[in-house]
Amino acid sequence: MFPGTLGAGVVGRALERGIWSYSTVNIRDFALNNYGSVDDEQFGGGAGMVMRPDVLGGAIDSIKNRGKIIYFSPRGAQFNQKMAREFANSPDATYTLLCGRYEGIDQRIIDEYDITELSIGDYILSGGEIATQVFIDSTVRVMDNVLGGGQESAENESFEIGGLEWPLYTRPSVWRGRNVPEVLLSGHHGNIERWRKQQSDEITKQRRPDLIKENDK
Ligand code: SAH
């Protein structure tokens with residue numbers, strides 16, 4: 001599963017250039033029986049299996065430089081762009097990213113290692129690997145020297161501008177009878193900036209009023 005999508009595009013190039021690196025630990029290698037089981041039935045009953053603390057503990061202990069341990073789980077605080085920046089800019093920026101399967105992991109692992117839980121949204125995935133890739137992709141993207149357009153292309157993004165992005169256009173200037181808004185062809189930077197801000201505000205108000213700060217309303 002790794003690098004998976006992280007091997008392509010700007011994040012993949014950053015991996016090749018050594019801007020970030022990763023190694024994987026296969027939890028199954030720490031199974032305590034010959035079948036390689038990592039899960040067991042839930043105490044208290046109920047459908048679905050739970051990942052065993054003894055197995056997970058062995059896997060986590062095998063990692064020398066763990067940094068902060070993050071467990072991806074629907075119960076966690078919701079991951080966002082601001083957090084991506086904080087994780088990217090933290091001094092050592094080393095993380096152990098724990099991917100759950102089945103119903104999840106034994107609570108004692110979370111308590112023992114003081115693990116932070118993070119969710120990528122209000123839906124249930126079958127495993128934490130995709131969530132981990134979402135975390136890595138968005139965190140690496142905002143690291144220095146990853147994006148071609150430099151700092152500016154990271155800062156002109158939805159959420160970074162305090163709302164959603166304005167509409168984007170490229171060549172050709174007329175396509176199937178549809179024109180690019182005149183102002184964008186004018187070369188007048190002040191007007192372009194005003195138009196983009198106004199479009200961004202409009203779209204944000206319609207789609208995500210929750211993003212608008214109290215004093216901007
Ligand atoms: N029983 C859990 C869901 C388990 S889904 C619950 O009700 O909260 C199996 C695994 O997928 C989880 O252990 C977690 O690592 C991952 N996962 C599922 N949905 C996720 C989400 N929204 N964000 C982050 N990780 C998620």
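Start by selecting Arg 176, which sits in the loop between β6 and β7 (178–179); helices (H or I, at least four residues) and strands (E, at least two) are DSSP runs, numbered from the N terminus. Before going on, note that this is a predicted model: local features need pLDDT of at least 70, side-chain atom pairs count only at pLDDT 80 or more, and totals for chains, interfaces and linings use all residues. Residues are numbered from 1 along each chain as its sequence is written, and side-chain values use heavy atoms, with hydrogens and water left out.

Arg 176 is not a glycine, yet its phi is positive, near 50°. Because its relative accessibility is 70%, Arg 176 counts as exposed; exposed means over 50% relative accessible area, buried under 20%, and partly exposed in between (1.4 Å probe, protein chains only).

Now click on Phe 159, in the loop between α6 and β6. Phe 159 also has a positive phi, about 75°. With 47% relative accessibility, Phe 159 counts as partly exposed. Most residues other than glycine have a negative phi, and most peptide bonds are trans.

Stay in that loop for Pro 172, found between α6 (151–155) and β6 (174–175). A cis peptide bond joins Arg 171 to Pro 172, with omega about 0°. For another cis bond, go to Phe 2 and Pro 3, where omega is about 5°. Pro 3 lies in the segment before α1.

Next, select the ligand. Among the 20 residues around it, Tyr 71, Phe 72, Glu 103, Gly 121 and Tyr 123 come nearest; a residue counts as near if one of its heavy atoms lies within 4 Å. Which element gives the largest share of this shell? That is β3, with four residues.

Show the polar contacts (here, pairs of N or O atoms within 3.5 Å). An oxygen atom of the ligand is 2.7 Å from an N or O atom in the side chain of Tyr 71. A ligand nitrogen is 2.7 Å from a polar backbone atom of Glu 103, and a ligand nitrogen is 3.1 Å from a polar backbone atom of Ile 120. Taken alone, the ligand exposes 560 Å², and the protein buries 87% of that; the areas come from the Shrake-Rupley method with a 1.4 Å probe.

Finally, zoom out and colour domain 1 (4–140) and domain 2 (156–216) separately; these bounds come from an automatic or database domain assignment. Taken over C-alpha atoms, the domain centres are 36 Å apart.

Key:
Polar contact = N/O pair within 3.5 Å; in protein donor to acceptor, adjacent residues only side chain to side chain.
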